[in-house]
Amino acid sequence: MSRPDFTTLPDLAVRSLGGSVMAANDELFAERENLVKPEAPSYQTYTFGHKGQVYDGWETRRRREPGHDWATVRLGLPGVVRGVVVDTAFFKGNYPPEVSVEGTSAEGYPTADELQQAEWVPLVPRSAAKGDTPNRFDVDVPWRFTHVRLCMYPDGGVARLRMHGEGVPDPRYLAAGAVDLAALEHGGEVTGCSNMFYSSPRNLISPGLARVMGEGWETARRRDDGNDWVEFRLAGAGVVRLAELDTSYFLGNAPGWASLRAVDARAADPADPGAWTNLLPRTRLLPDTRHRFRLDAGAEATHVRLDVYPDGGMARVRLVGRLAPAARDELALRWLNLLPEGHARQVLASEGGLEDAEAARLAGARPLDSVALLPQPLATLLGG
């Protein structure tokens with residue numbers, strides 16, 4: 001049985017989601033920050049600076065001593081990595097012949113020096129790499145990571161590092177009040193769309209404001225009587241009370257109208273058109289405008305569908321509401337169960353008030369299936 005294409009999953013390391021290259025042991029020829037740029041790498045012939053040909057990637061000097069080069073990346077979306085792409089585009093005589101990738105999970109905001117002492121888990125073992133190629137590696141490590149480290153043996157250049165996987169939000173930072181239930185950083189995801197000719201609908205639920213039209217979602221022009229749509233799976237079941245439909249930078253290509261519908265997949269089949277209920281009736285939109293709509297309190301929902309009429313583009317979609325108590329419990333257990341053992345022990349001791357031995361016992365007993373098994377201080381914190 002063939003594996004699903006992991007590149008359809010979000011890139012947890014990309015700069016536009018908050019990823020950052022914290023440190024590298026060397027970047028003489030090309031700066032490390034290029035590794036997590038969202039756009040595809042580019043190349044211009046005979047573009048020389050004082051240090052040589054300018055590369056859109058990370059490139060180290062030629063090693064004259066034993067060892068290897070490395071770069072440490074803080075993931076913008078901590079989560080479970082399902083696949084890695086080490087893209088050596090345009091690096092032909094200067095690519096690393098071998099690479100590896102490791103991951104670690106850390107509390108708070110450790111410095112690059114502090115991470116040197118962390119417990120690193122192999123995600124991609126030392127493996128052969130080709131030049132001018134998106135080298136793809138499947139990952140079978142079931143833990144949530146906050147940082148990764150790319151190693152090149154012995155040196156060379158890499159254009160982009162893509163860490164595709166599933167974001168796993170830390171429930172301690174999901175306020176008990178209103179949150180954006182669709183946000184990628186909170187665990188929301190796009191589960192379907194009618195068209196993504198110009199750009200991905202995942203842009204709609206990405207962090208921050210779009211800076212240009214290309215950072216939103218845009219469809220091809222329709223030449224029929226239908227309309228375009230996007231379906232979102234919410235971070236957890238909840239009640240949506242506020243919608244923001246942002247058409248910023250879409251001037252002659254914004255939708256004329258939009259509507260929102262919702263369904264609770266725990267009680268109905270999203271494939272059944274009759275299972276969906278209205279959140280926002282078909283409503284006129286303006287170009288280049290952040291529209292905000294108050295919504296009547298309805299039933300809990302797990303999925304929301306945006307319909308645009310007839311086609312066009314949008315910068316961002318925000319669906320603000322409250323998580324259902326059961327959904328908060330599910331998110332909390334998923335997060336705790338996916339922490340590497342050392343990080344889980346640390347959380348159970350520091351947040352749960354357990355002695356080291358008891359924290360180790362409970363961490364080793366995972367996966368836990370109920371928040372009732374957690375120490376009361378931690379259960380209260382995670383439950384909001």
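Arginine 172 and glutamate 107 meet through their side chains in a salt bridge, with 2.7 Å from N to O; a salt bridge is a side-chain nitrogen of Lys or Arg within 4 Å of a carboxyl oxygen of Asp or Glu. The pair links distant parts of the chain, 65 residues apart. The model is predicted: local features need pLDDT of at least 70, side-chain atom pairs count only at pLDDT 80 or more, and totals for chains, interfaces and linings use all residues. Residues are numbered from 1 along each chain as its sequence is written, and side-chain values use heavy atoms, with hydrogens and water left out.

**Salt bridges**

- Arginine 172 lies in the loop between E11 and strand E12 (179-180), and glutamate 107 in the loop between strand E6 (98-104) and helix H1 (112-115); helices (H or I, at least four residues) and strands (E, at least two) are DSSP runs, numbered from the N terminus.
- Arginine 172 counts as buried at 16% relative accessibility, whereas glutamate 107 is partly exposed at 24%; buried means under 20% relative accessible area, exposed over 50%, and partly exposed in between (1.4 Å probe, protein chains only).
- A salt bridge also joins glutamate 244 to arginine 290, the closest N and O atoms being 3.1 Å apart.
- This pair too links distant parts of the chain, with glutamate 244 in strand E15 and arginine 290 in strand E18, 46 residues apart.
- Glutamate 244 is buried at 9% relative accessibility, while arginine 290 is partly exposed at 46%.
- The side chains of arginine 211 and glutamate 215 form a salt bridge of 2.6 Å, N to O, and arginine 211 is exposed at 59% relative accessibility.
- A network of salt bridges links Lys37, Glu39, Asp56 and Arg160.
- In total, the structure holds 32 salt bridges.

**Pockets**

- The largest pocket has a volume of about 790 Å³. On a 1 Å grid over the protein atoms alone, a pocket is an open set of points where a 1.4 Å probe fits, with protein on both sides within 12 Å along at least five of seven lines; lining residues have an atom within 4 Å of a point. Grid points are joined across faces, edges and corners, and a volume is the space filled by probe spheres set on the points.
- Its lining has 31 residues, of which Val14, Ser16, Pro38, Glu39 and Asn203 lie nearest the centre.
- Strand E11 (160-167) is among the elements that give two or more residues to this lining, and E11 gives the most, with three.
- The lining of the largest pocket comprises twelve nonpolar, nine polar and ten charged residues; Ala, Val, Leu, Ile, Met, Phe, Trp, Tyr, Cys and Pro count as nonpolar, Asp, Glu, Lys and Arg as charged, and the others, Gly among them, as polar.
- The second largest pocket has a volume of about 620 Å³, and the closest to its centre among its 27 lining residues are Pro78, Tyr109, Arg144, Asp170 and Tyr173.
- E5 gives the most to the lining of the second largest pocket, with five residues.

**Backbone features**

- Most residues other than glycine have a negative phi, and most peptide bonds are trans.
- A cis peptide bond joins tyrosine 153 and proline 154, with omega about -5°; another cis bond runs from tyrosine 309 to proline 310, with omega near -10°.
- Tyrosine 249 has a positive phi, near 75°, and is partly exposed at 39% relative accessible area.
- Aspartate 288 has a positive phi, near 50°, and is found in the loop between strand E17 (277-284) and strand E18 (290-294).
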